Amino acid sequence: VEPMDLEAPGNLARVLEARSYRREVVMLVTDLSQSDLALNMVLNLRQLGVEHYILITTEAEDARLCHRLRALVPDLGCVWTTFQINKDDSETEQPPRKPLPKTYRIWSMRKHYLAVMAA
């Protein structure tokens, strides 16, 4: 699967169709700071014969990360997401929220996509 934004219409379904095996997929969520660990996990899965994974990066800017990782592993199932946990509050009278800690964002994205996939 080519790198793409999972939030664009139809992309999640395309990725799941391309990467799943018997309706199963291993989902890894990472960011730039942990990409070396995520790539190591992918390579370990491949050694075990597990190719039905998707590696999701946490920022639209990380689209570049998918391309860099694919230079190392050309058929890497890497995608990114523009999904935001704390959306812009500019249209409400609420004070702006502080950015969420990185770990919370990663876990929230994982939970979000698991819920969407299970629906």
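The dialogue below moves from the overall fold to a strand, a residue and a disulfide.

Tutor: This is a predicted model, in which local features need pLDDT of at least 70 and side-chain atom pairs count only at pLDDT 80 or more, whereas totals for chains, interfaces and linings use all residues. Residues are numbered from 1 along each chain as its sequence is written, and side-chain values use heavy atoms, with hydrogens and water left out.

Student: How many helices and strands does the protein have?

Tutor: Helices (H or I, at least four residues) and strands (E, at least two) are DSSP runs, numbered from the N terminus. Here there are four helices and three strands, arranged along the sequence as α-β-α-β-α-β-α.

Student: How is burial defined, and what share of the residues is buried?

Tutor: A residue is buried under 20% relative accessible area, exposed over 50%, and partly exposed in between (1.4 Å probe, protein chains only). In this protein, 39% of the 119 residues are buried.

Student: Which strand is joined to β1, and how do the two run?

Tutor: Two strands pair if DSSP finds at least two bridges between them. Five bridges join β1 to strand β2 (residues 53-57), and the two run parallel. Met-27, for instance, has Ile-54 of β2 as its bridge partner.

Student: What surrounds Thr-30?

Tutor: Thr-30 lies in β1, which spans residues 26-30, and is buried, with a relative accessible area of 4%. Contact means heavy atoms within 4.5 Å. Apart from neighbours within four places in sequence, Thr-30 is in contact with Ser-35, Ala-38, Leu-55, Ile-56, Thr-57 and Thr-58. A polar atom of the Thr-30 side chain also lies 3.3 Å from the backbone oxygen of Gln-34.

Student: How many disulfides are there?

Tutor: A disulfide is a pair of cysteine sulfur atoms within 2.5 Å, and the count is one. The sulfur atoms of Cys-66 and Cys-78 are 2.1 Å apart. The pair links distant parts of the chain, 12 residues apart: Cys-66 belongs to helix α3 (residues 63-72) and Cys-78 to strand β3 (residues 78-80). Both cysteines are buried, and the link is left-handed, with -70° about the S-S bond.

Technical notes. Polar contact = N/O pair within 3.5 Å; in protein donor to acceptor, adjacent residues only side chain to side chain.
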